[in-house]
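Hi everyone, thanks for coming.

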Amino acid sequence: MNKKIFFAIVLIVVIGLIFFIPKKKNSQPIQTAEIVKHSLSQTVEASGTVNPVQSVNIGSQVSGRIYKLYVDYNSKVKKGQLLAEIDPALFQASVDKARADLNNATANYHKVLAQVNYKKANYERFSRLYKKHYVSKDETELAYSNYMASRSELAGTQAIISQAKANLETAETNLNYTKIISPVDGVVVSRAVDVGQTVAASFQTPELFVVAEDLTKMQIEVSVSEADIGKIHEGQKAEYTLDGYPDETFEGYVSQIRLNPTTVSNVTTYTVIVAVNNDEEILKPGMNANVTIITQNKEDVLCVPNMALKYVPENVTEKFHEHGVWILNDNKKPERITVKIGLKDGDYTEVESDKLKEGMKVLVASKKTKKKQAGPPRMF
């Protein structure tokens, strides 16, 4: 009986110890990361369109019906090569008329010239006779007047000849314009007309062809926002990807920053030209490119994970006005080190401090165990 009472008392004491002795709280372990040397780049990302470096719009200066076509899309052409012809019939008729007018004016000039020579000789004869008193003064003056009038008429015919020559040159020039000639060596990337189509050049020059000079040298016209344009300078390296080649990254460089802004819906952008090499002729005019312009780049700089700059121990309530990271000191307690930050990317940030070295550990987070929350009560 006494043994039973003894065991009952011992059991009560053990149960009491279990329920009433305070449990020691588990300290939360701290997650750390190493300070490493890393290469960082600051970039500006934008989209753009691939275009030839130099392309020429070839049009017509005269109106008419397309008579012949000698090239098509992708045709390689040389400077001076005939691309197309406009029906020359009306222009040839204008040339023939202008030439006939010139011949007529020339013939009239010679006729008047003969009259001038005759009236000049007549005046000279009357002058000699007047000196011998064989003719009157009035007759001599009339001969002189006729001579001077014929000279004026001769000057008029010379003016008519000059006008006829100008008309002939204009007609011949218009006739030559019926032949559409390539002004450069290149490749035809666009053709806007077909045989039989009529082109009208009354108000503006109609575009017939677009010739790209050299498709091995292309450029990407990139639209960059005004917030990023100040970071971009000529000569900076650029990388780009194409939808047609998703697994490849190509390289180029900034060759020009155009100062002419474009504003759409109060958003201002500037055109940045990225020069690229197209020796393999992978790039096609009009392709869309996703461009990354590297505005700054540093190699092997001291870096910490971005999380380290945001971490603050739970028991610290002080507000800091400078950037810093936390480390564990010799006493295994958190200690804050003030740092200057530099470049950053999606994972790392460059830091500067005499107290930090490669391989040191910085605090990035506290490992917290999340309690499993009960789900909402079922409704029956």
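Let's start with something specific: which residue in S8 is the bridge partner of Val77? It's Gly186. Before I go on, please keep in mind that this is a predicted model.

So where does that pair sit? Strand S5 and strand S8, which covers residues 186-191, pair in the antiparallel sense over two bridges. Zoom out a bit and you'll see they belong to an open sheet of four strands, in the order S3-S10-S8-S5, with antiparallel pairing. At the edges stand S3 (55-59) and S5 (76-77); each has a single partner strand, so one side of each has no neighbour in the sheet. As a reminder for anyone new to this, strands of a sheet pair through backbone hydrogen bonds, parallel or antiparallel.

There's another open sheet of four strands, and here the order is S7-S6-S4-S9, antiparallel again. S7 (179-181) and S9 (198-199) are the edge strands, pairing on one side only. Inside that order, S4 (residues 64-69) and S6 (residues 82-86) are joined by three bridges in the antiparallel sense, and Ile66 has Ile86 in S6 as its bridge partner.

Now the helices. H2 takes in residues 89-131 and H3 residues 137-177; their axes come within 7 Å and cross at roughly 165°. H2 and H3 are therefore roughly antiparallel to each other. What's in that contact between H2 and H3? Its residues divide into 22 nonpolar, 14 polar and ten charged. And the handedness: the crossing of H2 and H3 is left-handed.

S18 and S19 make a hairpin, with three residues between them.

Last stop, the largest pocket. How much space lies in it? About 270 Å³. The lining is made of 13 residues, and the ones nearest the centre are Lys76, Val187, Leu215, Thr216 and Glu281. By class, the lining of this pocket has four nonpolar, four polar and five charged residues.

That's the tour, so over to you for comments.

Key. Residues are numbered from 1 along each chain as its sequence is written. This is a predicted model: local features need pLDDT of at least 70, side-chain atom pairs count only at pLDDT 80 or more; totals for chains, interfaces and linings use all residues. Side-chain values use heavy atoms; hydrogens and water are left out. Axes are lines fitted to C-alpha atoms, for helices over the stretch in contact, and angles run from 0 to 180 degrees between N-to-C directions. Angles under 35 degrees count as roughly parallel, over 145 as roughly antiparallel, 65 to 115 as roughly perpendicular and the rest as oblique. A crossing is left-handed if the near helix is turned anticlockwise from the far one by less than a right angle, and right-handed if clockwise. Ala, Val, Leu, Ile, Met, Phe, Trp, Tyr, Cys and Pro count as nonpolar, Asp, Glu, Lys and Arg as charged, and the others, Gly among them, as polar. Two strands pair if DSSP finds at least two bridges between them. On a 1 Å grid over the protein atoms alone, a cavity is a set of points where a 1.4 Å probe fits but cannot get out, and a pocket is an open set with protein on both sides within 12 Å along at least five of seven lines; lining residues have an atom within 4 Å of a point. Grid points are joined across faces, edges and corners, and a volume is the space filled by probe spheres set on the points.
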